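Thank you all for coming; I would like to walk you through one structure this morning. Please have a look at the sequence and the model first, and then we will go through the parts in turn.

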Amino acid sequence: MRKDFGTKAWLYPMPVFIVAAYDSKGTPNAMTAAWGGIYTDDKIGICLSEGHKTTKNILETKAFTVSIATAPQVAACDYVGIVSGNKIADKFTAAGFHAVKSQHVNAPLIEELPMAVECEFVSYDQESNFLIGRIVNVCADESILTDGKIDPKKLQPITYDPVNHDYITLGAKAGNAFADGKKLK
């Protein structure tokens, strides 16, 4: 028997993205976002309220990065989600983050978060708060690579549990994509 919960924004896994952008003076800001993902082959889509300082920065500078939140940085990643850049002048530094300018877009990479998607602004819908960015580059620190590929065990990405308000690390391998289903053909 199933229990109905009604209309909820519950989905598993829910990503934990750290979206970062410079303001017009070159000061980095970052925020946590969970409502987003790949939009098309070369685009990412994220719901970001226009009241966020990071959103304002993106609309101004036309570039941003999306870093994957990690277990070792869970406190810093949560901090940039619960504190407003409109109220705290330098929450980026207060979180313990260090900015490295992307070589591909005018936006900061977060040194402490080893994987990021570097994006150019495409569009923003004020009614739905849906931001679309074109993926210019995906970068990863060599410390999270195995045989030249991103290793999720080394990355230690976290997901957001919207029901219980927890952060959860991703688990073990469950199967082989594009292969295990062949036995049912």
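This is a predicted model: local features need pLDDT of at least 70, side-chain atom pairs count only at pLDDT 80 or more; totals for chains, interfaces and linings use all residues.

The buried residues of α2 pack against β2 (17–22), β3 (28–33) and α3 (91–94), where contact means heavy atoms within 4.5 Å, and where helices (H or I, at least four residues) and strands (E, at least two) are DSSP runs numbered from the N terminus. Residues are numbered from 1 along each chain as its sequence is written, and side-chain values use heavy atoms, with hydrogens and water left out.

Which residues of α2 are buried? In this helix, which spans residues 74–82, they are Ala76, Cys77 and Val80, buried being under 20% relative accessible area, exposed over 50% and partly exposed in between, with a 1.4 Å probe and protein chains only. Seen down the axis of α2, these buried residues fall within an arc of 100°, so they line one face of the helix; the arc is that of the directions from the helix axis to the C-beta atoms. On the face turned away from that buried side, α2 carries the exposed residues Ala75 and Ile82.

Let me turn to the sheet. It is an open sheet formed by 7 strands in the order β3-β2-β6-β9-β10-β5-β4, with antiparallel pairing, and two strands count as paired if DSSP finds at least two bridges between them. At the edges are β3 and β4 (36–40), each of which pairs on one side only, and the twist from one strand to the next averages 35°. Axes here are lines fitted to C-alpha atoms, for helices over the stretch in contact, and angles run from 0 to 180 degrees between N-to-C directions.

Within the sheet, β2 pairs with β6 (residues 63–68) in the antiparallel sense over 4 bridges, and the bridge partner of Phe17 in β6 is Ile68.

Next, the interior. A nonpolar core is a set of buried Ala, Val, Leu, Ile, Met, Phe, Trp, Tyr and Cys residues joined through side-chain atoms within 4.5 Å, and the largest one has 20 residues, with Val19, Ile44, Ile46, Leu48, Ile58, Phe64 and Val66 having the most contacts inside it. At least two residues of this core come from each of β2, β3, β5 (43–47), β6, β9 and β10, and β9 gives the most, with 4 residues. Apart from it lies another core, of 14 residues, among them Ala20, Ala76, Cys77 and Ile110.

Leaving aside neighbours within four places in sequence, Ser102 is in contact with Ala107, Leu109 and Glu118.
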